[in-house]
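Hi,

Here is the structure I promised to pass on. Have a look at it first, and my notes come after.

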Amino acid sequence: MKNIILTGDRPTGRLHIGHYVGSLKERVRLQNEGNYDEMFIMIADSQALTDNFGTPKKVRNNVIEVLLDYLSVGLTPDKTTFFIQSGVNALPEITTYYMNLVTLPRLMRNPTVKNEIKMRGFDEESKGIPVGFANYPISQAADITAFKANIIPVGDDQLPMIEQTREIVKSFNNLYKEVLIMPKAFLPNNEICKRLPGTDGKEKMSKSIGNCIFLTDTKEEVYKKVMSMYTDPTHIRIEDKGHLEGNIVFTYLDAFCQNEHFKKYWPEYNNLDELKKHYTTGGLGDSKIKKFLYEILEEELAPIRERRKKYEKNLDEVYNILMEGTNKANLFANETLKDIKEAIGIDYNNKFLKEIKEKYES
Ligand code: ATP
Ligand code: MG
């Protein structure tokens, strides 16, 4: 069996450090290991429209931002195919056939969708749930299966989508013919990286909430965001005992900090456990820890910023990467659409039409 990797992001804003630890880092690792036949990365503009249909300009403008973010973290067009969802016509057609295999109550049971409906106010009587939005997990199943992808590196909010896709694959293959490949989600090993919370410490870090540290934030912006992070409200004086629970600075350290960081920036401690112990017994101020976190984030973000600058000077080349990738994506998705139509029995070729004509005329 071939190993085909597919992931994507919605162009609803620039990418943030939640994307980085939740999915982008894993994509770069997979790309550089090279143990795959194809790697596709999709900019999901059609999906982004399902809850941003009133602000299409926002979606359009962020396509290039997301692509620049990809290139700046080290994904490269010689190893990865980048494409734009709306440029692949087979995808909505495949979605249509899958819509018959899913019931409305099943769609509405999806916990991520439920949460997003609430966050977007679609549950209010005056608004209502757009059909396109409720349907996006099915369209995501089309995106994954159109490329016969089996490896899907995502954060854990995407698990219900992969589960929905797996159900569709099973139904389709049972009902028609074994043409679809069963995909599997790949999550980061680190628990916190599966769903990095926002700087507010509440919801997951998300472009639509505005609680993000973006890959494009300047040094100064990162410093400001880290220094104003919520810690432990009972930790007033340095000598007070600090608490780790709900302390977002420590959550981020759990996600980003490695022992080498101590050697480099804070040799007083050998590892995070020692730092936590000191904090919880008292005698350690929040600002010192925040500065340490800032250094660690900067170590990751500085080279990303540098790479981005280079690509920003060559926007024609960047657009070209997307156009070429989209052409290639069309070849793959059209091939699968052909298989799907044949499996259902709606592949009306010339031979079929000739048979019908002969039957009709006789
Ligand atoms: P939106 O608010 O528009 O939905 P988002 O910030 O949730 O944007 P997506 O484009 O929906 O970003 O997600 C793209 C990928 O990044 C998915 O695989 C998702 O699981 C992952 N991801 C997004 N946010 C986080 C996070 N905070 N922690 C870990 N992974 C994340
Ligand atoms: Mg999202």
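Below is what I found, starting with the ground rules and the overall picture, then the ligand, then some individual residues.

This is a predicted model, so local features need pLDDT of at least 70 and side-chain atom pairs count only at pLDDT 80 or more, while totals for chains, interfaces and linings use all residues. Residues are numbered from 1 along each chain as its sequence is written, chains are lettered from A and ligands numbered from 1 in the order in which they are written, and side-chain values use heavy atoms, with hydrogens and water left out.

**The chain as a whole**

The chain has 16 helices and 5 strands; these are DSSP runs numbered from the N terminus, with helices being H or I of at least four residues and strands being E of at least two. Taken along the principal axes, the C-alpha atoms fill a box of roughly 95 × 45 × 40 Å. The chain has 362 residues, and 51% of them count as buried. Buried means under 20% relative accessible area, exposed means over 50%, and partly exposed is in between (1.4 Å probe, protein chains only).

**Ligand 1**

Where does ligand 1 sit? It is in the largest pocket. A pocket here is an open set of points on a 1 Å grid over the protein atoms alone, where a 1.4 Å probe fits and protein lies on both sides within 12 Å along at least five of seven lines. To sit in one, a molecule must have more than half of its atoms within 2 Å of the grid points.

For individual atom pairs, start with the side chain of Lys204, which has an N or O atom 2.6 Å from an oxygen atom of ligand 1. A polar backbone atom of Gly155 is 2.9 Å from an oxygen atom of the ligand. On the nitrogen side, a nitrogen atom of ligand 1 lies 3.0 Å from a backbone N or O atom of Met205. On its own ligand 1 has 600 Å² of accessible area, and the protein covers 97% of that. The areas come from the Shrake-Rupley method with a 1.4 Å probe; for residues, only the protein chains shown count as cover.

**Residues with polar contacts**

A polar contact is a pair of N or O atoms within 3.5 Å; within protein, one must be able to donate a hydrogen and the other to accept it, and residues adjacent in sequence count only if both atoms are side-chain atoms.

Is Arg305 buried or exposed? Arg305, in helix α14 (residues 286–312), counts as buried because its relative accessibility is 17%. Its side chain makes a polar contact of 2.6 Å with the side chain of Glu298. A polar atom of the Arg305 side chain also lies 2.8 Å from the backbone oxygen of Asp217.

Asn150 is in the loop between α8 and β4, and it is buried, since its relative accessibility is 7%. The side chains of Asn150 and Asn3 are joined by a polar contact of 2.9 Å.

**A positive phi**

Lys148 lies in the loop between α8 (136–146) and β4 (151–153). Its phi is near 55 degrees, a positive value in a residue other than glycine. Most residues other than glycine have a negative phi. At 23% relative accessibility, Lys148 counts as partly exposed.

**Pairs along the chain**

Tyr98, in helix α4 (residues 90–99), is buried at 0% relative accessibility. Tyr98 and Ile138 are 40 residues apart in sequence, with 6.7 Å from C-alpha to C-alpha.

Arg166 belongs to helix α9 (residues 159–175) and is partly exposed at 30%. Its C-alpha is separated by 25 Å from that of Leu196, 30 residues apart along the chain.

Technical notes
1 Å grid on protein atoms, 1.4 Å probe; cavity = no way out; pocket = protein on both sides within 12 Å on 5 of 7 lines; lining within 4 Å.
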